[in-house]
Amino acid sequence: MALRGGTRFAVRCEDVFPAGCALVPESLGEVEDYDEKTGRRSPAKDKLTGQRVWQVRVMDLDPELGKRSRETTVKISADYRPVPPTGGLFEAVEFDGMTVTPYVGNNGRMAYSLRATGMRAPAGVATKAAQ
């Protein structure tokens with residue numbers, strides 16, 4: 001079986017972040033494409049859906065990571081700016097419609113990018129807030 005570059009594989013949020021994840025404050029922003037010929041920036045568009053692309057930094061809450069980097073970026077394809085759930089600093093989130101795209105980085109090592117179609121408060125947090 002041959003895979004084309006940029007193949008996205010569907011994953012569940014709980015498989016990527018088994019201990020959950022939390023938003024890094026003030027990290028939600030729009031991704032921009034840069035045109036080297038003109039020197040202009042424009043809003044990035046998802047190559048598969050044509051939707052605008054946003055990105056947010058999150059902290060992986062897995063205690064088994066030890067001293068390794070816990071911060072990663074998730075790109076969200078959506079027509080409008082996603083709205084984080086309210087909560088506070090480093091609020092817990094879950095992502096809907098997650099995919100992972102593996103690739104070989106510039107250093108020759110395997111890497112991956114994470115994408116989603118939306119974000120929300122985790123189910124347990126939403127239940128507690130309703131009580």
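Biologist: How much space lies in the largest pocket?

Modeller: This is a predicted model, and in it the largest pocket holds about 360 Å³ of space.

Biologist: Which residues lie nearest the centre of that pocket?

Modeller: Of the 13 lining residues, those nearest the centre are Arg8, Lys45, Lys47, Lys75 and Arg115. By class, the lining comprises six charged, four nonpolar and three polar residues.

Biologist: How many helices and strands does the chain contain?

Modeller: There are two helices and 11 strands. Their order along the sequence is β-α-β-β-β-β-β-β-β-β-β-β-α. As to contacts between residues at least 6 apart in sequence, 61% of them join residues at least 24 apart. Burial may be stated for the chain as well: 30% of its 131 residues count as buried.

Biologist: Which members of the largest nonpolar core touch the most other members?

Modeller: A nonpolar core is read as a set of buried residues joined through their side-chain atoms. Here the largest such core has 18 residues, and Phe17, Val56, Val58, Val74, Ile76, Phe95 and Met98 are the ones that touch the most other members. Two or more residues come from each of strands S2 (21–23), S6 (53–60), S7 (71–77), S8 (92–96) and S10 (110–116). The greatest contribution is that of S6, with three residues.

Biologist: What is Val56 in contact with, leaving aside its neighbours within four places in sequence?

Modeller: The partners of Val56 beyond those neighbours are Leu23, Ser27, Leu28, Thr72, Thr73, Val74, Ile76 and Phe95.

Biologist: How many disulfides does a search of the whole structure find?

Modeller: A disulfide is a covalent bond between the sulfur atoms of two cysteines. The search finds zero disulfides in this structure. For Cys13, the nearest cysteine sulfur is that of Cys21, 5.1 Å away. Cys21 is likewise in no disulfide, its nearest cysteine sulfur being that of Cys13.

Biologist: Is Cys13 buried or exposed?

Modeller: Cys13 has a relative accessible area of 9% and is therefore buried. Cys21, at 2% relative accessibility, is buried as well. The cut-off applied to both is under 20%.

Biologist: Where does Pro102 lie?

Modeller: Pro102 belongs to strand S9, residues 99–104. Because its relative accessibility is 33%, Pro102 counts as partly exposed. Sequence separation and spatial separation should be read side by side: Pro102 and Thr7 are 95 residues apart along the chain, yet their C-alpha atoms are separated by 7.6 Å. Apart from neighbours within four places in sequence, Pro102 contacts Thr7, Phe9, Met110, Ala111 and Tyr112.

Conventions
Residues are numbered from 1 along each chain as its sequence is written. This is a predicted model: local features need pLDDT of at least 70, side-chain atom pairs count only at pLDDT 80 or more; totals for chains, interfaces and linings use all residues. Side-chain values use heavy atoms; hydrogens and water are left out. A nonpolar core is a set of buried Ala, Val, Leu, Ile, Met, Phe, Trp, Tyr and Cys residues joined through side-chain atoms within 4.5 Å. Buried means under 20% relative accessible area, exposed over 50%, partly exposed in between (1.4 Å probe, protein chains only). Helices (H or I, at least four residues) and strands (E, at least two) are DSSP runs, numbered from the N terminus. Contact means heavy atoms within 4.5 Å. A disulfide is a pair of cysteine sulfur atoms within 2.5 Å. On a 1 Å grid over the protein atoms alone, a cavity is a set of points where a 1.4 Å probe fits but cannot get out, and a pocket is an open set with protein on both sides within 12 Å along at least five of seven lines; lining residues have an atom within 4 Å of a point. Grid points are joined across faces, edges and corners, and a volume is the space filled by probe spheres set on the points. Ala, Val, Leu, Ile, Met, Phe, Trp, Tyr, Cys and Pro count as nonpolar, Asp, Glu, Lys and Arg as charged, and the others, Gly among them, as polar.
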